[in-house]
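Subject: Structure handover

Hello,

Here is the structure to go with your reading. My notes on it follow below.

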Amino acid sequence: MLSAAVASSDTATSGFLRACLQQTGLVNSVVDWTFSDRSEWSVRTGEPIPDVVLIGLSAGSEPCFTLAAQLRRLRPTVQIIASSPQKQLDPQLLLQAMRSGVQEFLPAPVNPTDLQKILSRFLQEREPGSPARVEKLILAMGSKGGVGTSTVILNLGVQLVRMTKKRVVLLDFARPFGHISLLLDLQPKFSLRDAVGNLDRMDGHFFSGLLTKHKTGLQILAGISQPDGWQRISAATLERVVNVAQSTYDFVLMDYGSVYSPEWSSTLCQARMILLVAEANVPSLWALERHMSMLLGLGCNPERIRVVINRWNREDEETLESVQKNFKQPIFARLPNDFRQVSEAINRGTPFFKNHHNPLVTQIQKLAGQLAGIAVPAPVQRNGLISLFSFRKTQ
Ligand SMILES: Nc1ncnc2c1ncn2[C@@H]1O[C@H](COP(=O)(O)OP(=O)(O)OP(=O)(O)O)[C@@H](O)[C@H]1O
Ligand SMILES: [Mg+2]
């Protein structure tokens, strides 16, 4: 991950360049240097120089080159990228820029994909073999519709906020419709549609303004609610939204639903974890197997795919034995069937609220603990019986 700064002569250009940097998913902080006067183009004494500086070349590039030379002097390893309208890019200007320490040129308006390529290369040269992106995305995908994907991921989000006190956002990417706001009785002003429709200004600040906050502290990017809402939304666009979310929040959760196609592989494969939610019945397990092969075929890391069995019953164990053998991995979580708790929560438009000694909530808490790396207390012994769900130390 890289620290970055944007330098330009006006706030509109700075804002756009900052959005481009955050959409690459490769920077964790962006400082704004807006110099409204030509004489201001320099770094204040003692100001830290980030890994990357993206300069918007304005008419009269002289001060920008002075800044580039100063940056290179102060931190010889800084990566300096300049962007300029195509018509200004004459050989003389390029030569002057290179001499002052600019390493890369991008025609304005900057294309985040080109910028991402430059930054990835830079990162690989600097730290070969290191993961290039922030890895905060935890994605829940249903083996089929109706297996409880939304219920699981939203309650996981609520528990993550409660246990970690960190900033947790849930992106509702389910197709054709996103139900999360409905399940939490929220009336969102904005949705995913506003995010993909405003990519030019889509930095962390703008993104946060599109979210709806639930009283538990969980932030939601509401899903699509129009039948044609998914038309014209490309996988690349969604990836840029995810990147901004990852550069702004501590945990990024996603309700992915159960519908996808191969062009989504980049989002899927960048997830820190894919929770494949299934029920222990024939159609769901049949589909689970197909999803697993599809994900592996798309290049997703098998270590990052985990099977979560929802609506679990003791009687399912025999069936699940063969699932574990097939997938060569243990079932990651067993979430008990609790129709009463779930339907009460849905009818009230709340997360699960019976938090004490409830096996379903206990299991969701344990799952949240595992994902956050927090040890969860062992289930309480009740009526002389030790709970079925034994405590395992989290990673
Ligand atoms: N652990 C559980 N115990 C009992 N019922 C459950 C459980 N989890 C979910 N359900 C029930 O399953 C139904 C579907 O849940 P949910 O909407 O979360 O599924 P989904 O996979 O997101 O569905 P869709 O494909 O429509 O988005 C709900 O009506 C809920 O009552
Ligand atoms: Mg759903």
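A residue is called buried under 20% relative accessible area, exposed over 50% and partly exposed in between, using a 1.4 Å probe and protein chains only. This is a predicted model, in which local features need pLDDT of at least 70 and side-chain atom pairs count only at pLDDT 80 or more, while totals for chains, interfaces and linings use all residues. Residues are numbered from 1 along each chain as its sequence is written, chains are lettered from A and ligands numbered from 1 in the order in which they are written, and side-chain values use heavy atoms, with hydrogens and water left out.

Backbone

Most residues other than glycine have a negative phi, and most peptide bonds are trans. Lys165 has a positive phi of about 60 degrees without being a glycine. It sits in the loop between helix 5 (149-164) and strand 7, and counts as exposed because its relative accessibility is 68%. Helices (H or I, at least four residues) and strands (E, at least two) are DSSP runs, numbered from the N terminus. Arg311, in strand 12, also has a positive phi, near 60 degrees; at a relative accessible area of 37%, Arg311 is partly exposed.

Two peptide bonds are cis: Ala108 to Pro109, with omega near -5 degrees, and Arg175 to Pro176, with omega about -5 degrees. Pro109 lies in the loop between strand 5 (104-108) and helix 4 (112-126), and Pro176 in the loop between strand 7 (168-172) and helix 6 (180-183).

Helices 11 and 12

Helix 11 (residues 282-297) packs against helix 12 (residues 317-327) at an angle of about 10 degrees, with the axes 12 Å apart. Axes are lines fitted to C-alpha atoms, for helices over the stretch in contact, and angles run from 0 to 180 degrees between N-to-C directions. The pair is therefore roughly parallel (under 35 degrees; over 145 is roughly antiparallel, 65 to 115 roughly perpendicular, the rest oblique). The contact (heavy atoms within 4.5 Å) involves Leu285, Leu288, Glu289 and Met292 of helix 11 and Thr319, Val323, Asn326 and Phe327 of helix 12.

Which residues of helix 12 are buried? They are Leu320, Val323, Gln324 and Phe327. Exposed Glu318 and Lys325 are on the face turned away from the buried side of helix 12. The cover over the buried residues includes helix 11, strand 12 (305-312) and strand 13 (333-336). Just after helix 12, Lys328 has a positive phi of about 50 degrees.

Regards
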